[in-house]
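Visitor: I would like to learn how to read a sheet and a core in a model. Please show me where to begin.

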Amino acid sequence: MEAGFAQQLLEYSPDALLLVSRDGSISFLNTAAERLFGYSRAQLLGADHSLLLAESSREKFHGVLAGLAAAPSPHAPFAGSGRRADGTELQVEITCSLVPAPAAAPDTGTSVALAVRDAGHRNAGTGPVAGATHSSAALSSAVGGGATHGSAGSSLSGDFRRRTPSAAGAPGAARAAGAAPAAFAGHDDELKAGSLRDPLTALPNGPFFNERLAAALRRPDPVDVLLLDIDDFKHLNDMLGRSAADELLVEVASRLRNCVRPHDTVARLDGDEFAVLLTECLNADAVAKRITEALHQPLRVGGTMVRPGVSMGLASKSAQTLDGAELLRQADAAMTAVKAAGKDNWLRFRPEMLNTAAHKADGETGLRRAVELGQISVHYQPVVSPGIGSVVQFEAFARWERHGRLVPPNQFLPVAEQSGLIREIGDEVLRRACAEIRPWLAGDAAYSVAVNVSGLQFQHRDFATDVLAIAASTGVDPHQLTLELTESVFFDASSDVLGQLRHLREAGVRIAMDDFGTGYSTLGRLRELPLDMVKIDRSFVAMIKTGQEQLPFFGTMVNAAHALGLKVTAEGIETPAQAKYLMDRGCDSLQGYLFAKPAPASDLAGTMESALTALDKVDAGQ
């Protein structure tokens, strides 16, 4: 028989035929299988086989697979329960047999051929359907040539046994279900479907989503999770009314479905929180962008035109991903970071986000107490000037010691921003820095102290006034104070940043743009900003490995900044090669672990000595 004709026979067989690979994923199905289970081929290919099995039948199914090792010939048909795409269950009869790996691809391992028939019209206790065994054998023959020997079967059954759910229904319960009156069967299906679907949007609900996520993670393919919710939904609910808010949720669900492929999963987890599961996606970032753009389009609900904002976090499976719960925690941490940064955006997960989110509740309580008790300390890192050959500035960093260890700023500062404590912490750091560094500042009018400022601090109209008041109360000349801001803060439309910065500069305070080059400002736009210096981000400095690299953008940035009358500092310097490279390109100041790590005010003399020693070695070419 020709291979093409054999393929046609499989495709048009009246029985649902499937091939399950060694890892449990579905590698083949025919039209009858699509029709029986209600999934498209694109949705099932690569999906885990357990998606099509009711939970009460999984243990029995895996037991049959284990038995194939001892008797590799096609197993007699057995009764079970399948599950359709809409969540309803159906009574089926399944026949299975082992299929050896093709000679051309021996590494693929043994597969299992399945023939499935709808047995809803039969009593679960009746005998096997004639012909079912032949369908399974035909699939085995067509795709691989029949059953394999015992050792291969044993390997396969072992793989499947590891996937057996730990709390599957007991055999007695399965028998009782089979004996249930037929009159209750339809009602039972409706209840099960309702338990897996959100009644408002008809999307899969949380348990259904978690099950699909767990199945996806068992396969070697890429897995991405997007977690999102509607910004200020409670306010929209109050403003629009319950009915219109429900319309909004239904429309969001529809737009989400239109942004992904048929075999991806969109679920409503709770309230205004949705999740998207992407499998075998090559560019999850593009999907996140597409969703953001789709949901930003205005819509009319309850007679009102609204444009809801959406905060979204993206997390992707890695070699370290343990389970679906971890991936959801990561996506949630990224979503939390979006909300902290101003909402209505999306971010990809970074490990530090999880640390912050995991300790958020406990961290906020502890941080609030630390602020009340004055337990936020300040460490200082020197900034050296190669031209002068001395330390010209100290940058102040907030530190929180808890449980005997220092909590990294990238963990507790986001908590401070989310909880509203950032203003109090910012004022405390500025006050301590001015008071502790003042004796050193008194030695030379060119010396200065730099303090980082959060964009949230500028949302207070009296921020500039408070800064100048602290400088005055500690006896520090405003000309010796530098405030460092990231690029994004300069363009925050929600606060009068530029107005307050101009007020501060008029009083003598210097303004520095931190992490320069990582945002969206251009050198041309720098001319319009109240700015005195830029700090080249450490990510660019890290590109310098040997000092022999051709990185012309360094010269471009330094020369352009100088042309605008701005000083240039490079931060994150860890090697003499990096320091020499940047000195040769005209950087005014250098900062990093090469010179000294941040240290308490009591260690200022030691950090200065360390910085100058390192600078001498760079000059000497050591």
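Guide: Keep in mind that this is a predicted model.

Visitor: How many bridges join E3 to strand E4?

Guide: There are 6, and E3 and E4 (residues 89–99) run antiparallel.

Visitor: In what order do the strands of the open sheet come?

Guide: The order is E2-E1-E5-E4-E3, 5 strands with antiparallel pairing. Strand E2 (26–29) and strand E3 (78–83) each have a single partner strand, so one side of each has no neighbour in the sheet. On average, neighbouring strands are turned by 35 degrees against each other, direction ignored.

Visitor: Which helix packs on the sheet?

Guide: Helix H4 (residues 55–67) does, touching E3, E4 and strand E5 (111–118). The direction of H4 makes about 130 degrees with that of E3.

Visitor: Now the core. What is the general idea?

Guide: In soluble globular proteins, nonpolar side chains tend to be buried together. Here the largest nonpolar core has 79 residues.

Visitor: Which residues touch the most other members of that core?

Guide: Leu483, Leu590 and Phe595 do. Helix H17 (residues 422–441) gives the most to this core, with 9 residues.

Visitor: What does leucine 590 touch, not counting residues up to four places away in sequence?

Guide: Among the residues touched by leucine 590 are Pro382, Val383, Val384, Ile573, Leu582, Met583 and Phe595.

Visitor: Which residues does the second, separate core include?

Guide: That core, of 34 residues, includes Ala244, Val287, Ala294 and Val301.

Key. Residues numbered from 1 in each chain as written. Predicted model: local features only at pLDDT ≥ 70, side-chain atom pairs only at ≥ 80, totals over all residues. Heavy atoms only, no water. Pairing = 2+ DSSP bridges. Helix = DSSP H or I, 4+ residues; strand = E, 2+ residues; numbered from the N terminus. Axes fitted to C-alpha atoms, helices over the stretch in contact; angles between N-to-C directions. Contact = heavy atoms within 4.5 Å. Core = buried A, V, L, I, M, F, W, Y, C linked by side-chain atoms within 4.5 Å. Buried < 20%, exposed > 50% of the residue type's maximum accessible area, 1.4 Å probe, protein only.
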